[in-house]
Amino acid sequence: MRAMRHVGERLLPAAALTTALTLASCSSVPLAQRQAVRLQRYEAYAGKPIREFMWNTGYKSWSALSRDKLLVWTDLDRPYLVTVYHPCTDLMFARHIGITSTVDTVQAHFDFVTADGWRCMISTIRPIDYKRMQRATHRPAAAPAHTTQR
């Protein structure tokens, strides 16, 4: 049985913190450049494409990363980078999305993201290694090497 779930723009605390830190550190950088940096950051921690993902309790939140890419959170630390085929509406300005699924499974090349009247087929799904991403983000800076000789 196919199902459609709709969720408004809600960010989880960890995602909100990540976004806030990114935006605060880039406040003098143009919006397009900040968006590109944010997308590159998630892509750097994205794994190889997978065929599907399951969401036993639905998805928790989503965040648009570009015109055709969005981040879908199924749990506090389980995001997926979802890319849709063209043509599709500009996901950056969507206020609500829906994602089709079959028996709580979202599949590439079969399911769709719906936004503002568009029905966009999912082309790829890539899991994000969010724990590794957080470790890299929170890694303390290396202390400078002191070579003081006496």
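1. The largest nonpolar core has 22 residues, and F53, L70, V82, I97, I99, V113 and I122 touch the most other members. Two or more residues each come from strand 3 (61-64), strand 4 (69-73), strand 5 (79-84), strand 6, strand 8 (112-115) and strand 9 (118-127). A nonpolar core is here a set of buried Ala, Val, Leu, Ile, Met, Phe, Trp, Tyr and Cys residues joined through side-chain atoms within 4.5 Å. A second, separate core of 11 residues includes Y45, W73, L81 and I128.

2. The model is predicted: local features need pLDDT of at least 70, side-chain atom pairs count only at pLDDT 80 or more, and totals for chains, interfaces and linings use all residues. Residues are numbered from 1 along each chain as its sequence is written, and side-chain values use heavy atoms, with hydrogens and water left out.

3. The chain contains 3 helices and 9 strands, in the order β-α-α-β-β-β-β-β-β-β-β-α from the N terminus. These elements are DSSP runs numbered from the N terminus (helices: H or I, at least four residues; strands: E, at least two). Of the 150 residues, 41% count as buried; buried means under 20% relative accessible area, exposed over 50%, and partly exposed in between (1.4 Å probe, protein chains only).

4. Among contacts in the chain with a separation of 6 or more, 63% join residues 24 or more positions apart; contact means heavy atoms within 4.5 Å. The chain exposes about 9100 Å², of which carbon and sulfur atoms supply 57%. Accessible areas come from the Shrake-Rupley method with a 1.4 Å probe, and for residues only the protein chains shown count as cover.

5. Not counting residues up to four places away in sequence, I122 touches V82, T83, V84, Y85, I99, V106, Q107, A108, H109, D111, F112 and V113.

6. L81, a member of the second core, is found in strand 5 and is buried, with a relative accessible area of 0%. Leaving aside neighbours within four places in sequence, L81 is in contact with L39, E43, A46, L65, K69, L70, L71, T124, I125, R126 and I128. L81 and Y42 are 39 residues apart in sequence, yet their C-alpha atoms are 7.8 Å apart in space.

7. Helix 2 (residues 31-44) has 14 residues and reaches 20 Å from first C-alpha to last, close to the 20 Å expected at 1.5 Å a residue; the expected span is 1.5 Å times one less than the number of residues. In helix 2, R34, R38, L39 and Y42 are buried. They lie on the same side of helix 2 because they cover an arc of only 135° around the axis, the arc being that of the directions from the helix axis to the C-beta atoms. The face turned away from the buried side of helix 2 carries the exposed residues A32, Q40 and A44.

8. V103, not a glycine, has a phi of about 50°; V103 is placed in the loop between strand 6 (96-102) and strand 7 (105-107) and is exposed, with a relative accessible area of 61%. D104, also not a glycine, has a phi of about 60°. D104 belongs to the loop between strand 6 and strand 7 and is partly exposed at 25% relative accessible area.

9. The structure holds 1 salt bridge, defined as a side-chain nitrogen of Lys or Arg within 4 Å of a carboxyl oxygen of Asp or Glu. The side chains of D129 and R132 form this pair, at 3.4 Å, N to O. D129 is partly exposed, with a relative accessible area of 33%, and R132 is partly exposed at 37%.
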